[in-house]
Amino acid sequence: MAEPGSLTTKMMSLMPESSKLHVAMTIFQFGYAGNHVILRAALNMGISKLVFPVYRNLIALLLMAPFAYFMEKKDRPALNISFLMQFFLLGFVGIASNQIFYLLGLDNTSPTFASATENAVPAVTFILAALIRLEQVHLNRKDGLAKVLGTLTSFVGASVITLYKGPSIYKPNSSPNQSELLFSIGNANAKSWTLGCIASLGHCLCWSSWIVLQAIFLKNFPAPFSVYSFTCFFGSLQLLAVAAYVERDPQTWQVHSSVELFSLLYAGMVVSGIGFAIQIWVIQRGGPVFVSGYLPLQTMLVAVTASIALGEEFYLGGIIGAALIIAGLYLVVWGKSEESKLVISKAVTSSMFVNYPINSTGKSCLVQPLLTVSSE
């Protein structure tokens, strides 16, 4: 009788590649969803928005570097100046700028809003991928029109969230314990909502650019964990330089509570470590648009978590905008699905035929069927 462990391993090995990608991105979104709520709690306790990402990425680097070194020895090309410059750029876009914008946006808005604006990432990723020819757009076909319409709809949704907050349409009933928790972590009512919106959109642009750049760089450096480890290394150095210049008070570099320590470990190990390692692994196999297409899942998870744990209110503008963004996203996904079906259909059709040379009678024997049916 086979051992349970060996049976599980065998089942995973038999799982189709596409199923593995879907499972991986679902796990990533569950882990990333908790990040919004946990980091918001730490931010409102006074943790530095510059020091926090330094520690976060150092933790991720310490976690991922050994795996990258030992698992990708054979796949990792020799380093040169060109690769180092590419890693520096990935660190600046995907780590330093991306995380500073994210924390600034989260600090001035809410976990649900920060998650909702990230639904614009698939549309922005699609546009960037189309501009550099990683994604094809055919306006004379329904799949191409769906992708373009979906992109525009997502942008309209992001604009609604940014420009229109609207009235509160749902406020959970808070128990005494929940009210005490909400009071202890604070809220964003006294912050700048406009600044938070702008920062959140900057975060979306950086994340989309990071996803596309990773897809490009992986073609020449096919070692995803090594790419991410080098990205973390350079991103940490950039954040450290900025934080050391701005945060001169030694108190800001200290961890003052168990909540701060937990948020650091969660963000460093679960999100930046395991989560983004999953992301770059899936990018290598499924492409940038596939990865970004899973972001709406964590919006729903964050909304439920924030409502239960923090007693967060739902605003009309955010719900309208999120609905438009999700509708636009699924238009893009549907368009890509139809495009994939067409590509597969053409590939299967072309594989069934082969070109033969002109025969001795001078008649062409082109496009003869490659598959024949036996008469026996």
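**Exercise 1.** In which helix is the place of H203, and does H203 count as buried or exposed?

Solution. The model is a predicted one. Start with the location: H203 lies in helix α9, which spans residues 193-220. Next, take the accessibility. The cut-off for buried is under 20% relative accessible area. H203 has 3% relative accessibility, so H203 counts as buried. Then list the contacts. Leaving aside neighbours within four places in sequence, H203 is in contact with Y32, N98, F101, Y102 and E118. Finally, H203 and T117 are 86 residues apart in sequence, and their C-alpha atoms are 9.1 Å apart in space.

**Exercise 2.** Describe how the axes of α6 and α9 cross, and name the residues that meet.

Solution. Helix α6 covers residues 121-131. The axes of α6 and α9 come within 9 Å and cross at roughly 50°. The two helices are therefore oblique to each other. The crossing of α6 past α9 is right-handed. On the α6 side, the contact residues are V121, V124, T125, L128 and A129; on the α9 side, they are C204, L205, W207, S208, S209, I211 and V212. By class, the residues of this contact are nine nonpolar, three polar and no charged.

**Exercise 3.** With which side chain does the side chain of Q99 make a polar contact?

Solution. Locate Q99 in helix α4, residues 81-108. Its relative accessible area is 4%, so Q99 is buried. Not counting residues up to four places away in sequence, Q99 touches P53, R56, N57, L239 and S272. The polar contact is with the side chain of N57, at 2.8 Å.

How values were computed:
Residues numbered from 1 in each chain as written. Predicted model: local features only at pLDDT ≥ 70, side-chain atom pairs only at ≥ 80, totals over all residues. Heavy atoms only, no water. Axes fitted to C-alpha atoms, helices over the stretch in contact; angles between N-to-C directions. Helix = DSSP H or I, 4+ residues; strand = E, 2+ residues; numbered from the N terminus. Parallel < 35°, antiparallel > 145°, perpendicular 65-115°, else oblique. Left-handed = near helix turned anticlockwise from the far one by under 90°. Contact = heavy atoms within 4.5 Å. Nonpolar A, V, L, I, M, F, W, Y, C, P; charged D, E, K, R; others polar. Buried < 20%, exposed > 50% of the residue type's maximum accessible area, 1.4 Å probe, protein only. Polar contact = N/O pair within 3.5 Å; in protein donor to acceptor, adjacent residues only side chain to side chain.
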